[in-house]
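Please walk through the helix packing of the structure shown here. Take it one step at a time.

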Amino acid sequence: MTVVQEKSSERRVVANVLRGSVGNLIEWYDWYAYTAFSIYFAAAFFPKGDQTAQLLNTAAVFAVGFLMRPLGGWLLGRYADRRGRRAALTLSVTLMAAGSLIIALTPSYASIGVAAPVLLVLARLLQGLSVGGEYATSATYLSEVASPARRGFYSSFQYVTLTAGQLVALGVQIVLQQFLSKAEMTEWGWRVAFVIGATGAIVVMWLRRGMDESSNFEKQKGSGEQNGTIRALLKHPKECLTVVGLTLGGTVAFYTFTTYLQKFMVNTSHIDAATVSWINFAALLVFVVLQPLAGALSDRIGRRPLLLGFGVLGTLATVPLLSTLARTSEALPAFLLMLGGLVIVTGYTSINAIVKAELFPTNIRALGVGLPYALTVAIFGGTAEYVALWFKQAGMESVFFYYVAGCVLISLLVYGFMRETSKDSVLDRD
């Protein structure tokens, strides 16, 4: 291949990665916008009354959406392995656009009664299916279109855009708060966020239609193999269990340090909520920058060293980090402690997508990446905050610190016995 051809090929890779990544960002923006703006729209969907009860109702609907993620991982993973990565990614963002549009346009409970919360649940079900399928298909697509020597770097954009979606949702909220009063935000301002999300998803839907299909899928299409079936997946029990094991500690640590820590700093460290928001924003911004750097490093030294680093440091440092943060009331030390946790978690987040993709053959790669991962996240990642609050309410908050460290230790044992996937990748055999 000539230098000109190599540059042209790399430009195609970059263009496809950008289309896939921007869509991932929009989908996660829509997912997190629900949480960010629930305090404003809770009263619109549920009967007037106690605000805490209204927020609990919106939280319950959020949980329903979370539980839909395994179903999305199965349905869209199967669809991606049968119909193609591009088709599944386009369908995924279409479902997210529909969900956001329903939330944005649904009249209040005062106008249409019980139909309002019913429509909210329907919208959240669609969004849960979408993000469940998005992870599986996006991780698969990014790994398959990436240049072999830069798979770690390109696949790291999975978590760059996932976290960036959270940051954009927070940024939209901050901007709207500057221009609208609390009454305006409660009456109609929150709908703006979902209109933005739906519009962005529609634009991405159009962009994704122009993506190249992955060459791996094109090669095996029509080969007669069982594509995207549970029966075919069950022929790879070791790989499925590996996905569960390597995800367990990572997802608990990720949701602890990116989501729960905001509440932890307010309720336990007693730092002002507004200050905590800025600590969270700044730390997550650095976290985003770290992902491609760690992904590129994995292309040079392998995936296992990063996973082992996360496993060892996560096991040993989680309890001291959270214990110190519990006694910290100043912004800078709290930021540094949160960032320390996120640096450790980067050893998992930056490469977990490519490691899973490198385990499975093309005909069941999206399903293999998506279903075991989504089940593990729903059971352990989705419950991390609940477990933390349960221990706090029971007066044993520090037990949660050991729970997180214990989950990471289990994953560390998996990392110790798994093969170096970058040196023995199924992607290279397809």
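In which hand, left or right, does helix 6 pass helix 17? The crossing is right-handed. Keep in mind that this is a predicted model.

Start with the geometry of this pair. Helix 6 spans residues 115–145, and helix 17 spans residues 365–381. Their axes come within 8 Å and cross at roughly 135°.

Now look at the residues that touch. Helix 6 contributes Tyr135, Ala136, Ala139, Thr140, Ser143 and Glu144. From helix 17 come Arg365, Ala366, Val369, Gly370 and Tyr373. Sorted by class, this contact holds 6 nonpolar, 3 polar and 2 charged residues.

Helix 18 covers residues 384–393, and its buried residues pack against helix 17. They pack against helix 12 (237–267) and helix 19 (397–417) as well.

Which residues of helix 18 are buried? They are Ala384, Val387, Ala388 and Phe391. These residues cover an arc of only 100° around the axis, so they lie on the same side of helix 18. Turn to the face pointing away from that buried side. There sit Tyr386 and Gln393, both exposed.

Finally, follow the chain past the end of this helix. Just after helix 18 comes Gly395, with a positive phi of about 75°.

Technical notes: Residues are numbered from 1 along each chain as its sequence is written. This is a predicted model: local features need pLDDT of at least 70, side-chain atom pairs count only at pLDDT 80 or more; totals for chains, interfaces and linings use all residues. Side-chain values use heavy atoms; hydrogens and water are left out. Axes are lines fitted to C-alpha atoms, for helices over the stretch in contact, and angles run from 0 to 180 degrees between N-to-C directions. Helices (H or I, at least four residues) and strands (E, at least two) are DSSP runs, numbered from the N terminus. A crossing is left-handed if the near helix is turned anticlockwise from the far one by less than a right angle, and right-handed if clockwise. Contact means heavy atoms within 4.5 Å. Ala, Val, Leu, Ile, Met, Phe, Trp, Tyr, Cys and Pro count as nonpolar, Asp, Glu, Lys and Arg as charged, and the others, Gly among them, as polar. Buried means under 20% relative accessible area, exposed over 50%, partly exposed in between (1.4 Å probe, protein chains only). The arc is that of the directions from the helix axis to the C-beta atoms.
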